[in-house]
Amino acid sequence: MDKSEKKVLSVIAFIIILFISIIIAVSLWCGCGNHTMNTAEITIGEARAVALKDAERTEDAVVFTEQSRTKSYGVYSYEIEFNDGITRYEYNIDAQTGEVISRYSRLIY
């Protein structure tokens, strides 16, 4: 093998290693290789009930303004928004466990 063939093989090997490194980095960054991704196990109605209980409100005393299921980093959650005419509530509920991921409330003016 002469010098030019060794150079070509070195460049090809470098490109392959670079390509593999990029794939690994992207899969770690976006969670694509995460085998613990969950699927929704509670219903949106159950997520609403969790949010209402946490806010100490009843379903007949509020108006729901948004309900949706989202997926972020392989984790499903429900975004629930409602108000009682005085306060607006925003909840993010883990669709696998039913736990409150985040909550926010503010007075309506």
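This is a predicted model: local features need pLDDT of at least 70, side-chain atom pairs count only at pLDDT 80 or more; totals for chains, interfaces and linings use all residues.
Let us start with the rings. Searching the whole structure turns up 3 aromatic pairs. Phe-64 and Phe-82 make up a tilted pair. Because Phe-64 belongs to strand β1 (residues 63–72) and Phe-82 to strand β2 (residues 75–83), this pair ties together parts that are 18 residues apart in sequence. Phe-82 also pairs with Tyr-91, and that pair is stacked. Here are the two geometries side by side:

| Pair | Centre to centre | Angle between planes | Class |
|---|---|---|---|
| Phe-64 and Phe-82 | 5.4 Å | 55 degrees | tilted |
| Phe-82 and Tyr-91 | 6.0 Å | 0 degrees | stacked |

The picture widens with Tyr-89: ring pairs link Phe-64, Phe-82, Tyr-89 and Tyr-91 into a cluster.

How accessible are these rings to solvent-sized probes? Phe-82 has a relative accessibility of 0% and counts as buried. Tyr-91 is buried as well. Phe-64 has a relative accessible area of 19%, and since buried means under 20%, Phe-64 falls in that class too.

Now for the asparagine. Asn-83 is placed in strand β2, the strand that also holds Phe-82. A polar atom of the Asn-83 side chain lies 3.1 Å from the backbone nitrogen of Gly-85. Leaving aside residues up to four places away in sequence, Asn-83 touches Ala-61, Val-62, Val-63, Thr-65, Arg-88 and Ile-108.

Conventions:
Residues are numbered from 1 along each chain as its sequence is written. Side-chain values use heavy atoms; hydrogens and water are left out. Rings of Phe, Tyr and Trp (its six-membered ring) pair if their centres lie within 6.5 Å; planes under 30 degrees apart count as stacked, over 60 as edge-to-face and the rest as tilted. Helices (H or I, at least four residues) and strands (E, at least two) are DSSP runs, numbered from the N terminus. Buried means under 20% relative accessible area, exposed over 50%, partly exposed in between (1.4 Å probe, protein chains only). A polar contact is a pair of N or O atoms within 3.5 Å; within protein, one must be able to donate a hydrogen and the other to accept it, and residues adjacent in sequence count only if both atoms are side-chain atoms. Contact means heavy atoms within 4.5 Å.
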